[in-house]
Amino acid sequence: MNLTVRESLIAFRRAPLLSALSVTTIAFSLFVVGLFGLVAVNLQDALRGVAERVEIVAYLLPGTPIETVTLAGKDIEAFPEVQSASYVSEDSALGRARAELVEFRDVLQELERNPLPASIEVKLKPRFRDADHVNQVADRLRGFGFVDDVRFGRDWVEKLDRLRQIAAAVGLVVGAAFAVVAIIIIGTTIRMAVLQRSREIAIMRLVGATDGFIRRPFLLQGAIKGMLGGLAAIALSYGAYTLINRWLIHAAFFSKEQAVAIVGFGMLIGFFGSAASVGRHLRRV
Amino acid sequence: MIKFTNVFKAFPKGGLALKDVSFHIAKGEFVFLTGHSGAGKSTVLKLIYAEQPVTSGEVRVSGFNAAELRPRDVPMLRRRLGIVFQDFRLLEDRTAEENVAFALEVTGARRSSIPARVMRVLTQVGLAAKAQAYPRELSGGEQQRVAIARALVNEPTVLLADEPTGNLDERATRGVFQLLRDINASGTAVVMATHDLDLVRQAPYRVIELQEGALVYDSAVDEPRDQAASP
Ligand SMILES: Nc1ncnc2c1ncn2[C@@H]1O[C@H](COP(=O)(O)OP(=O)(O)OP(=O)(O)O)[C@@H](O)[C@H]1O
Ligand SMILES: [Mg+2]
């Protein structure tokens, strides 16, 4: 077996407690980051669901000929922001109202004239579902002569915007903070491992080992610990996810790519944590 | 092969450990480094194996100039030296054999060649039978032999020994000293720092004596004085 690999595995056997400690700290740090990740993933999903409903409705003046509306509908669909534009006639508006407002069915039944206007319902493409774009499109719709009024949940859209920004900022800040904590902790545990082996390192140097040679097993060891920590973090997150799913709400788990990214991040933390503490030790003695 | 020219060594908080020291040690020589405690013996050795930088003057060791040594040259220099200490400095969790093999692995020796080379030096120091023993299972003399085997396994041109018999009783001292003489007889230069004047008198080797950091006597250039001093 390769010497570097063997030396780094021996280190696990020689200091099982310290190794377990390193792996556990990485695991918990990543777990916390992962939990926030999960919240972010689910919030994102939830917001997407809400954003789905962001719709602009243009009410039409009574008596607008259907040909005009169809043509305008084509124009509107050609807007870069627009995903779909569908015509809702007076009759189908009434039908919908009857279906949805069961309590008023009788009232609606007895109407002599249909009081509901026809409308065009405009849905935006996902990436344009924010306040600015909604306003722009609404303005453009007002420009059509046959449009009586344009409505959209202005407050809603703006709140959604703010919520999205806050979620992103909180996720970023908390994630970064915990990543820093994880790096410091792994750096410290690797430093303990380095100090524990400082006699050995001194002897290695005495018999002519290069710094690179001395460093390599520590780096590999750090990366392995980080990987194990990452895997454990995913297992923990999965446990938490199962519990939440069973008792609270239906939530989504990480995609395969996100899971790989967490493990990869663990490896990076382990690698650089080791590199920092071994480097410092080697420079000092 | 080892050449000190007007060497001064100052420690940040310790004053001058070496003052204007000059000497030249040739290939294959055996040299005793003597002097009272604190005279600077270990410091001379540390400058040779580049554990400490030279303050001023020139130190040359088998083609390397200490002043021009880059950090990455240090391991290459040390591979040409064998170093032995009073406290053996063995790894407690490795057998005698593994301790010796360690010095080869660390320098990137071909793996297949390692066992044979390890056995050869262990045989040379008379410890082949204890190859599997851990340091705690060996006597001080035996541990020092393992350390010497480790120093020899890279076939150094010089063996540096800092009071190698300092922790040993008389019998073990004689054994280890004889081993060093044998090693020297087969062509390796030996520089041995020691307090043990009996040992120094016993052998016809060159003596360099330090006193408070200054070289006060070198039997290669000065009048023999042991004979003059003692009847
Ligand atoms: N790392 C250091 N920092 C400061 N002073 C030091 C250092 N190493 C040695 N000295 C000083 O340098 C002087 C020479 O020390 P050195 O170890 O060379 O003596 P020595 O001849 O080997 O003594 P001994 O026989 O006790 O081993 C001493 O005064 C010592 O205090
Ligand atoms: Mg000394």
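Student: Hi! In chain A, how many bridges join strand β1 to strand β3?
Tutor: Five bridges join β1 (residues 55-60) to β3 (residues 119-124) in chain A, and the two strands run antiparallel. Keep in mind that this is a predicted model.

Student: Okay, and which residue stands opposite Tyr59(A)?
Tutor: That would be Ser119(A), which belongs to β3(A).

Student: What about β4(A), how many bridges join β1(A) to that strand?
Tutor: Four bridges link β1(A) with β4(A), residues 147-151, and this pair runs antiparallel. If you want a spot to look at, find Val57(A): Arg151(A) in β4(A) stands opposite it.

Student: Nice. Where do side chains point in a regular strand?
Tutor: As a general rule, they alternate between the two faces of the sheet.

Student: Switching to chain B now. Which strand does β9(B) pair with?
Tutor: β9(B), residues 206-211, pairs with β10(B), residues 214-218, in the antiparallel sense over four bridges. Within that pairing, Gln211(B) stands opposite Ala214(B).

Student: New topic! How many residues does each chain give to the contact between A and B?
Tutor: Chain B brings 21 residues and chain A brings 16 residues. About 1,600 Å² is buried between the two chains, with carbon and sulfur atoms giving 58% of that area.

Student: How many salt bridges are there across the interface?
Tutor: Two are found between chain B and chain A. One of them joins the side chains of Arg94(B) and Glu200(A), at 2.7 Å from N to O.

Student: Which parts of chain B supply residues to the side that touches chain A?
Tutor: α2 (74-78), β6 (81-85) and α3 (96-106) of chain B each supply at least two. The most comes from α3(B), with four residues.

Student: What kinds of residues are on that side of chain B?
Tutor: By class, there are 10 nonpolar, two polar and nine charged residues on the side of chain B that touches chain A.

Student: Last thing, the ligand. Which residues come nearest to ligand 1?
Tutor: There are 13 residues around ligand 1, and Ser37(B), Gly38(B), Lys41(B), Ser42(B) and Thr43(B) come nearest.

How values were computed. Residues numbered from 1 in each chain as written. Chains lettered and ligands numbered in written order. Predicted model: local features only at pLDDT ≥ 70, side-chain atom pairs only at ≥ 80, totals over all residues. Heavy atoms only, no water. Contact = heavy atoms within 4.5 Å. Buried area = accessible area lost by both parts, 1.4 Å probe. Salt bridge = Lys/Arg side-chain N within 4 Å of Asp/Glu carboxyl O. Nonpolar A, V, L, I, M, F, W, Y, C, P; charged D, E, K, R; others polar. Pairing = 2+ DSSP bridges. Near = heavy atom within 4 Å.
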